[in-house]
Amino acid sequence: MPSLILRTTTRFMMPLLLLFSLFLLWRGHNEPGGGFVGGLVGASAFILYTLSFSVQATRDALAFDSRSLIGVGLMLALTAGIMPLTQGQPFLAHRNFWVKLELPGFGQLDLGTPLMFDIGVYLVVFGVALTIVLTLTEE
Amino acid sequence: MSLLGLVQQSFQGTVSMDLLTAVVAAFVAAAIVPILYPLLRQATGWFLGLATLGLFGYFARFLGSLPPGGITASREWIPSLGFRFSFLLDGLSLLFALLITGIGALILIYAGGYLGGHKGLGRLYVLLLVFMGSMVGLVLADNLFTMFVFWELTSVSSYLLIGFDHERAEARAAALKALLVTGGGGLAMMAGVLLLGQMGIEAGLAPEVCFEVSQLNTVGPAIKENAFYLPILLLILAGAFTKSAQFPFHFWLPAAMEAPTPISAYLHSATMVKAGVYLLARLSPILAGTVEWLWIVSSVGAITMFWGAFISVRKTDLKQILAYSTVSALGLLMLLLGLGSPAAIAAAVTFVLVHALYKGALFMVAGIIDHEVGTRNIQRLGGLARVMPVTAVAAGLAAASMAAVPPLFGFIGKELFYESTLHGPARVLVTTVAFLTSMLFVAIAIMTGVRPFLGAMTDDTRRAHNAPMSLWLGPATLAGLSLVLGLAPFLLDQPLLAIAHQNVLGDVIDAEHFESLHLALWHGWNFTLALSGFTLVAGCVVYLQRDIFRALPPHFGRWTTDGFYDMVLAGMNSVAKVQTSVLQSGYLRYYLLMIYLTATGLVGYTAATRTNLTLKWDWSDIRFYEWGLCVLIMLGSLFSAYSRSRLTSIAGLGVVGYCVALLFVFYGAPDLAMTQILIETLSVILFVFVFYHLPPSKKLSGPFTRLRDIVVAIAIGGIATILVLQAEQVKYFTPISQFFVENSVPKAHGRNIVNVILVDFRGLDTMGEITVLAVAAVGVYALLKLRPQGGKA
């Protein structure tokens, strides 16, 4: 059983790491960050959890199989790619899929299929890293 | 859905159906079989048979009412390449379409009776229907490329059908043999078709229609004078000869008898093996009439014809006898197409019908005997007429047609055959071969259609039962048609065969002296009639003395083309084995070594010969902390190479990784640095997890291995360094980074260019990368979780 200090720290670190991972994903389009890094940070949060407790504890905390993240992520990215096809645009041409939101106090927010694609990347990376580590650790 | 409704629908459908619907009909039927079969079970065969009869009815409506030039239909495919889904129904395609759908309907019913209760029956129906659709498409196609697609589809469905009992190794080997032989020929044919299209363009056709047979027909003379005529002819003949089992490619057909009998009766006697004959008949107006055509096609045909019949008489297995006699009949058709005179073509189109009727019937009879008696060895059969009278009559009629006994349809075919050989080139030789083959045909007919039903019963036949109607319906119908068409040939000669005859001959014959095909049982007292009579007598003598034939040389052992095929296949397998064991050692270190050496060799060679290396050594603007970082990286790698413990090696590698991340920070790439740090952390964790389970390194590399590794490492490192330094100076294209900078915000709404490139500008690359990642994860999972019980990774 790993040290008490590690376990206690992990409890505090987990939410911070997960929030940070979402933060990286969110700001990726304009500042350093993005789905890839975000996914890695998210996965490392759970890997830290595994080191502090056990694989089984992580599986319980996850509440879903890390493998399904990979499939969902791929589907999401693929959907973002296919959506332009319905309007006669090439695969992954995001041109016609922008929504401009005016948020009082924040300024303008541009949402579009690139974000959806990036969330797909995020989930795939998250799932892949976690699946590999969990599988190896279980051995 | 009610049964009645479906039947009604399929019959109503035939009324308003157009040609394209007819082509896809069987494929649609194949798609609904998986739904239909669990509902109808035993009745599926009858239902599908009746539905196919509807398709037959659609084609039969055109008998006598086919407009000159036929009817056409087409859809666009790849117009720029001249590929179109274009179809043409003329006399020749109508003849084949009627055979395919008519016999197909009987076979579907027959298969239900033959394999009733077999667990693969549903699969058999699907495959038979897919085959039927491919065959209909093949004979209706006007575009040669569309024809090629269907041609290959028949090869593939034939492969699956021969290997129907896929749990038996013999069936699988036979299926593979048929696929490799016909598939190989098909590839040659594709090359021939491409060349033919090019020559069509040279002869003045528009590129959009250069593969249309109907258009190529108009430039036949120009193509015959083209320098590429002979290559085209040889390539297309390779396709036709393999498909139609011509010597020396005939060996796959007898092997294909591994398939259940309904399949042999349908594919390997009545329809698919005639595809090669059909192709040559279809292309006759374009390619026939030259000396090359005459000699190659007719001599291959004549050899196949005699050889097939000769081997056939020596066999004792019913299906083998019939298979070799089919080879022989296909040779006969080739010979007639090779001769190419109006009389020969008349004989050919008639014999296509004659042969399909009697051979289909005899095959189905062989299946009935196998099914009800349990053996196909003719030496153990006898007296079956008492058990199965209807089958016996059907077999007798079919055999009589094969032996050309008047008044059956086969007699008319044989008369036309002799007529054309007697008035063709090298007539004494050709007629002699024709006579010998026909004589052997008589003996084969008695052996397969008469002998099993007469005489005393044997131990095997005493236990036999009568066959159900689903089994005898097919042979009885086909044999009955042989009799009806013999007595009343006018039923089909003008409405069908005469048009097919003209289609094969094309415009080559001048209209004034052209005698339209006309069939009659009686041609008066002439030499042909005498020859036919003499053939029958001689055939009976051969039958009585058949044991002599079995003892005759030659016995080739393995020195046949079949043996040659086996040797080539075994040779390829052993080459593959050697090559695999050399290249795929299974040790990661050798793979890495090979990759590094190849990369070093290729890149080094190119760099040394193609570029002029001007490395710029400028140390001036390197700052002190960059020096420090480089020293740290080098120390880290040396440390991990020299360390004796795995964990410290990993720690060394970790130092290298974090230092590289720091380098990225120095050079203004925060995204890269961030990713690098995370990846580095994760890989250290992964390594620790993996190595934790491994025993301590027992054996360290010896001095030689170390020296080798050092040399390779320095080489690949040096090459990579040179490459980076050189890349700095070589700019083949204007960099596109300016485009990204300019368009990132206005077009992609993002200020982080790196991320915009990842998700937007080069999104497809990212899509590929995450797919690779997903596959890698699945691979790791499968490797670790799904290994056999008791095994250790």
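**View 1. A hairpin built from strands E1 and E2 of chain B.** In this predicted model, E1(B) and E2(B) make a hairpin with four residues between them, and B:Gly82 in the turn has a positive phi of about 85°. The pairing of E1(B) (residues 71-78) with E2(B) is antiparallel and runs over seven bridges. Strand E2 (residues 83-89) of chain B has five buried residues out of seven, so the rest of the structure largely encloses it.

**View 2. Helices H16 and H17 of chain B cross each other.** Here H16(B) (residues 342-373) meets H17(B) (residues 389-402), with axes that come within 9 Å and cross at roughly 140°. The crossing is left-handed. Residues that H16(B) brings to the contact include B:Val354, B:Leu357, B:Tyr358 and B:Ala361, while those from H17(B) include B:Ala394, B:Ala395, B:Ala398 and B:Met402. Sorted by class, the contact has twelve nonpolar, two polar and no charged residues.

**View 3. The side of chain B that touches chain A.** Now we turn to the contact between the chains, which takes 37 residues from chain B and 36 residues from chain A. On the chain B side, the elements that give two or more residues are helices H29 (670-692), H32 (753-761) and H33 (763-785). H33(B) gives the most, with 14 residues. By class, this side of chain B has 23 nonpolar, ten polar and four charged residues.

Technical notes:
Residues numbered from 1 in each chain as written. Chains lettered and ligands numbered in written order. Predicted model: local features only at pLDDT ≥ 70, side-chain atom pairs only at ≥ 80, totals over all residues. Axes fitted to C-alpha atoms, helices over the stretch in contact; angles between N-to-C directions. Left-handed = near helix turned anticlockwise from the far one by under 90°. Contact = placed C-beta atoms within 7 Å. Nonpolar A, V, L, I, M, F, W, Y, C, P; charged D, E, K, R; others polar. Buried ≥ 20, exposed ≤ 12 C-beta atoms within 10 Å, placed from the backbone. Pairing = 2+ DSSP bridges.
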